[in-house]
Amino acid sequence: MNFSTRRVTRSQQQGEPAAARKSEITLRQSGSEAERHGAVSDRDAKQAVDQDESPPRTPTGNAHSSESDIDMSSPNVSHDESLAKELSLRESSLAHRPKRRRFHESYNFNMKCPTPGCNSLGHLTGKHERHFSISGCPLYHNLSADECKVKASTRDKHVEERTLTHSQDENRHSTRHQAPVERQLRYKEKVTELRRKRNSTPLKEHKEKYVEHRQAHGSTREPLLENITSDYDLELFRKAQARASDDLEKLRLQGQVTEGSNMIKTIVFGRYEVDTWYHSPYPEEYARLGRLYMCEFCLKYMKSQTILRRHMAKCVWKHPPGDEIYRKGVISVFEVDGKKNKIYCQNLCLLAKLFLDHKTLYYDVEPFLFYVMTEADSTGCHLVGYFSKIFELLSVPQEKNSFLNYNVSCILTMPQYMRQGYGKMLIDFSYLLSKVEEKVGSPERPLSDLGLISYRSYWKEVLLRYLHDFEGKEISIKEISQETAVNPVDIVSTLQSLQMLKYWKGKHLVLKRQDLIDEWRSKEMKRGSSKTIDPTALKWSPPKGT
């Protein structure tokens, strides 16, 4: 067999490894063809390999020819051989290197488990490498990651055995309403025996152990559950815990449960599922869920649809607490005192923070009054929106109280009722209360983007309506403010935005732009009067201290 020699240079090994490998394969194939021409059978070739009669292989796995693929007369032979050995050792080390552990792409390694002293490794189910919540923390449940894996394998074996047993029962469905089979009776006796063995009176040392554990860890760890009930019932409880934790982990991987951002994505509120806009400081165990379920009447928040359904079956609330001070048609407004109904007002503030960026007050609700607008039907009064205003300013002197005389501290229209005129109704109602109090009001700043748009639109309508009805020649900003209860600063800014305020010969003049008035009048005629506040339907007197 005659093969031409081929020199392998360093540049060919480094710059063209694929081409070199391809040429080596070509040489091997041409060698096999030469062997077939020499009448050497495949069986003889295999025997030759077994008897080590074939030439040695190169580091790449290819056999040399009889004269070798490398030119032995080359001065760089020794260097090339050492380089080839180095490459082969590097490939072998990479091949035997253990694979890098890969986690799910949704894991956030900046997050940590809230349990003190936990490194976020392991999972209660024994099926995941990391956890970020108390429900999946082995340390919180007084276990280690290895113990969770052992328990998981034991549970899997029990499931397989039970599945196999059910598959052997051919008439399982037909005997559902008949007498239990022998296997079921044996299992029932076994459970009864296990429960009978439970020590109903825990020993003194066990009680001391429970007390020490509670004093050492407090509420950061699960209480010790051994010897409280039978081992069988305790194992059932552990299985339920693992199953619930596994369900939460699946929801998190699907994006319905968020870790780290504490961002609630959606809320189920009555017959609506509403997407949230901003973060709200709900308790951590609720904030980690991707979805909250709320009672639309008492505003209690829950973790699941089942809990909400049970709550609605026994909830007696059908409207907000407090006094109904306005009713016209299906629209009602309730005055809720933050001091008397603290929990409801706190829940209302937490709900509002999901849709307001600048809101900072959540729990200190006692100095505020909340005016909640609802829409009634056969099932109850459904929350449309609300606004709050501060009540307890008696300790502030009157001259200092003047700039704090806001008629709205926070205002919100629920997203499902937006763009239907309810926002302007809330604003109009707040100014109606200011008129009854004989005060001039203004909303507390800063306003949200949507709030600023709503207020500017309202101020524009108020001014155009006033100018439409005004028949005199001289007009005063102070008179407009006293009649509309709008702050003079807001009036001036609105007139400037409408280009109706001019300075001429040392005097400020208000231009009556008839084109804007006619445009407003045509829109008013089309819209009708269904979404307006009727002052005669208000049954309210200012609270004492205002």
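User: Let's start with His311: is this residue buried or exposed?

Analyst: Happy to begin there, with one reminder: this is a predicted model. The general idea is to compare the relative accessible area with a cut-off, and buried means under 20%. His311 has 11% relative accessibility, so it counts as buried.

User: Which helix holds His311, and which residues is His311 in contact with, leaving aside its neighbours within four places in sequence?

Analyst: His311 sits in helix H10, which covers residues 305-314. With those sequence neighbours set aside, its contacts are Cys295, Cys298, Lys300 and Met302.

User: Lys300 is on that list. Where is Lys300 placed, and how do I read its accessibility?

Analyst: Lys300 belongs to the loop between strand S3 (291-294) and strand S4 (301-302). Lys300 comes out at 41%, so it is counted as partly exposed.

User: Now a strand, please. Where does Ile325 lie, and is it buried or exposed?

Analyst: Ile325 is part of strand S5, residues 323-328. Its relative accessible area is 4%, so Ile325 is buried.

User: What is Ile325 in contact with, beyond its neighbours within four places in sequence?

Analyst: A contact list is read with a distance in mind: heavy atoms within 4.5 Å. For Ile325 the list holds Val333, Glu335, Tyr371, Phe429, Ala537, Leu538, Lys539 and Trp540. One of these, Glu335, is 10 residues away along the chain, and its C-alpha atom is 6.6 Å from that of Ile325.

User: Let's turn to the backbone. Which residues have a positive phi although they are not glycines?

Analyst: Two cases are Ser120, with phi of about 70°, and Ala485, with phi of about 65°. Ser120 lies in the loop between helix H4 (77-96) and helix H5 (145-168). Ala485 is in the loop between helix H15 (477-484) and helix H16 (488-497). Ser120 counts as buried because its relative accessibility is 1%, and Ala485 is buried at 1% as well.

User: And what about omega for the peptide bond from Arg445 to Pro446?

Analyst: That bond is cis, with omega near 0°. Pro446 is found in the loop between helix H13 (422-437) and helix H14 (449-469).

Terms used: Residues are numbered from 1 along each chain as its sequence is written. This is a predicted model: local features need pLDDT of at least 70, side-chain atom pairs count only at pLDDT 80 or more; totals for chains, interfaces and linings use all residues. Side-chain values use heavy atoms; hydrogens and water are left out. Helices (H or I, at least four residues) and strands (E, at least two) are DSSP runs, numbered from the N terminus. Buried means under 20% relative accessible area, exposed over 50%, partly exposed in between (1.4 Å probe, protein chains only).
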